[in-house]
Every structure is written in C-alpha cells, then in structure tokens.
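Reader: Can we go through this one together? I'd like to start with the core and then look at the charged pairs.

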Amino acid sequence: MAEINIELGRIASVNKLSPVMDKITTPTRYVLASGASFGSKGDEQELIRTGVNAVIERNPKIKISAKVSSNHDAILKKDFRAVANAVRELASIKG
C-alpha cells in the first residue's frame, strides 16, 4: 500500500498532472483530503495538494468544493456528505 501511494504521489505531481488539468473543459469539483496518507512522510501530501491551487487559478472550470479532514483513502467513507454536496453543486450548473 505504501509503495502504491508513493507512486501515485509521483504520478500526481504538478508538472505531470497540470497539463492534463489545464485541458479540462467541463465543470469539475474537488473534495480535497487534508489528512496524511499511509506511507507519507511529513507534509509531502499537503505539498502535492497545493498544486491544485495553481491549476484552479488557470482553469475556471475547476473548483474546490470542500477540503475535509480525512485522508484520500477515507473520503467516501467519512466525508460522503462533502462528496454529495460537490455532486449537487455540479448538478445545479446550467450548461
């Protein structure tokens, strides 16, 4: 599990993910985790998450709907209400 999380962190790095996110043309909402994930050290997870802010500044289609206390493994279990609110937010957009 730790090896998978570390690899995901590398794949989700700002320089690799930003070009993909810059091309998003449909409304997109994020529910960001704020908790540490299994195998992470120090604030490396938070550093990865801060990369989303730069993308949001460039692409108005992407917004953060919520930042929750869970780590990414537990968002659907512990913060399902935040996810549901993000879905409702997207559903309310006229398009």
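Author: What follows covers the nonpolar core and then the salt bridges of this predicted model.

Reader: Which residues make up the largest nonpolar core?

Author: Val 31, Ala 33, Ala 66, Val 68, Ile 75, Ala 82 and Ala 86, 7 residues in total.

Reader: And which elements give two or more residues to this core?

Author: Strand 1 (28–33), strand 2 (62–68) and helix 5 (80–91).

Reader: What is Ile 75 in contact with, leaving aside neighbours within four places in sequence?

Author: Its contacts include the core members Val 31, Ala 33 and Val 68. Leu 32, Ser 70, Phe 80 and Val 83 are also in contact with Ile 75.

Reader: Changing topic. How many salt bridges does the structure hold?

Author: There are 2. In one of them, the side chains of Glu 89 and Arg 29 meet at 2.7 Å, N to O.

Reader: Is Arg 29 buried or exposed?

Author: Arg 29 counts as buried, because its relative accessibility is 16% and the cut-off is under 20%. Glu 89 is partly exposed at 28%.

Reader: What about the salt bridge of Arg 58?

Author: Its partner is Asp 22, at 3.0 Å, N to O. Arg 58 belongs to helix 3 (residues 44–58) and Asp 22 to helix 2 (residues 14–22), 36 residues apart.

Reader: How accessible are Arg 58 and Asp 22?

Author: Arg 58 is partly exposed at 44% relative accessibility, and Asp 22 is partly exposed at 35%.

Key: Residues numbered from 1 in each chain as written. Predicted model: local features only at pLDDT ≥ 70, side-chain atom pairs only at ≥ 80, totals over all residues. Heavy atoms only, no water. Core = buried A, V, L, I, M, F, W, Y, C linked by side-chain atoms within 4.5 Å. Buried < 20%, exposed > 50% of the residue type's maximum accessible area, 1.4 Å probe, protein only. Helix = DSSP H or I, 4+ residues; strand = E, 2+ residues; numbered from the N terminus. Contact = heavy atoms within 4.5 Å. Salt bridge = Lys/Arg side-chain N within 4 Å of Asp/Glu carboxyl O.
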